[in-house]
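Me: I have a structure open and some questions about its side chains. Can we go through it bit by bit?

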Amino acid sequence: MWDEEITLLSSSGFTEDELGQQIPTTTAIIVLGYEKPMNRAEFYQAGQSGIEVAYTLVIHPFEYNGEQNLIYQGQRLSVVRHYKVNNEILELVCRLKVGDTNGQ
């Protein structure tokens, strides 16, 4: 059940290139979790707002540090909200906004 790789992305500051420009750096942490079936009402409600709620992902709460972006199945997603079910389960509701470019 806990067999899907989810890459949590967090900003880890800035580095300078050869011109002295600030370039944001990202830290990637791979955790294991699984996908939970999507709630139909949530799916339609988000669609009316122009947001595609793509996945509800489940991970361990101790592995999550407030990251707002992640990569799952090759797609870069944003965390809409997170919900701690208990000490073992944290649900991440993720989206891919309609019209977003999905570069990684």
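**Aromatic pairs and the core**

Reply: This is a predicted model. A search of the whole structure finds two aromatic pairs.

Me: How are the rings of Trp 2 and Tyr 34 arranged?

Reply: Their centres are 5.1 Å apart and their planes stand at 90°, so the pair is edge-to-face.

Me: Which parts of the chain does that pair link?

Reply: Distant ones: Trp 2 is in the segment before β1 (4-16), and Tyr 34 is in strand β2 (residues 22-36). The two are 32 residues apart.

Me: Is Tyr 34 buried or exposed?

Reply: Tyr 34 counts as buried, because its relative accessibility is 15% and the cut-off for buried is under 20%. Trp 2, at 29% relative accessibility, counts as partly exposed.

Me: And what about the rings of Tyr 55 and Tyr 72?

Reply: Those ring centres are 4.9 Å apart and the planes are at 80°, so this pair is edge-to-face. It also links distant parts of the chain, with Tyr 55 in strand β3 and Tyr 72 in strand β4, 17 residues apart.

Me: How accessible are Tyr 55 and Tyr 72?

Reply: Tyr 55 has 13% relative accessibility and counts as buried. Tyr 72 has 1% and counts as buried.

Me: Back to Trp 2. Where does His 60 sit, and which residues does it touch?

Reply: His 60 lies in the loop between β3 (51-59) and β4 (69-72). Leaving aside neighbours within four places in sequence, His 60 is in contact with Trp 2, Glu 88 and Leu 90.

Me: Is that His 60 buried or exposed?

Reply: His 60 is buried, with a relative accessible area of 19%. The cut-off is under 20%.

Me: New topic. How many residues are in the largest nonpolar core?

Reply: It has 16 residues. Those with the most contacts inside it are Ile 6, Leu 8, Ile 59, Leu 70, Leu 77 and Leu 92.

Me: Which strands supply it?

Reply: β1, β3, β4, β5 (75-84) and β6 (90-97) each supply at least two residues of this core. In soluble globular proteins, nonpolar side chains tend to be buried together.

Me: What is Ile 6 in contact with?

Reply: Leaving aside neighbours within four places in sequence, the contacts of Ile 6 include Ile 29, Ile 30, Leu 57, Ile 59, Leu 70 and Tyr 72.

Me: How do β1 and β4 run relative to each other?

Reply: β1 and β4 run antiparallel, joined by three bridges. The bridge partner of Leu 9 in β4 is Asn 69.

Me: What does Asn 69 stand opposite in β5?

Reply: Ser 78. β4 and β5 pair in the antiparallel sense over four bridges. Their hairpin has two residues between the strands, and in it Gln 73 takes a positive phi near 50°.

Me: Last one, Gln 68. Where is it, and what does it contact?

Reply: Gln 68 is found in the loop between β3 and β4. Leaving aside neighbours within four places in sequence, Gln 68 is in contact with Leu 9, Leu 77, Ser 78 and Val 79. The C-alpha atoms of Gln 68 and Leu 9 are separated by 7.3 Å, though the residues are 59 apart along the chain.

Me: Which backbone oxygen lies 3.2 Å from a polar atom of its side chain?

Reply: The one of Gly 66. Gln 68 itself is partly exposed, with a relative accessible area of 45%.

Conventions: Residues are numbered from 1 along each chain as its sequence is written. This is a predicted model: local features need pLDDT of at least 70, side-chain atom pairs count only at pLDDT 80 or more; totals for chains, interfaces and linings use all residues. Side-chain values use heavy atoms; hydrogens and water are left out. Buried means under 20% relative accessible area, exposed over 50%, partly exposed in between (1.4 Å probe, protein chains only). Contact means heavy atoms within 4.5 Å. Rings of Phe, Tyr and Trp (its six-membered ring) pair if their centres lie within 6.5 Å; planes under 30 degrees apart count as stacked, over 60 as edge-to-face and the rest as tilted. A polar contact is a pair of N or O atoms within 3.5 Å; within protein, one must be able to donate a hydrogen and the other to accept it, and residues adjacent in sequence count only if both atoms are side-chain atoms. A nonpolar core is a set of buried Ala, Val, Leu, Ile, Met, Phe, Trp, Tyr and Cys residues joined through side-chain atoms within 4.5 Å. Two strands pair if DSSP finds at least two bridges between them.
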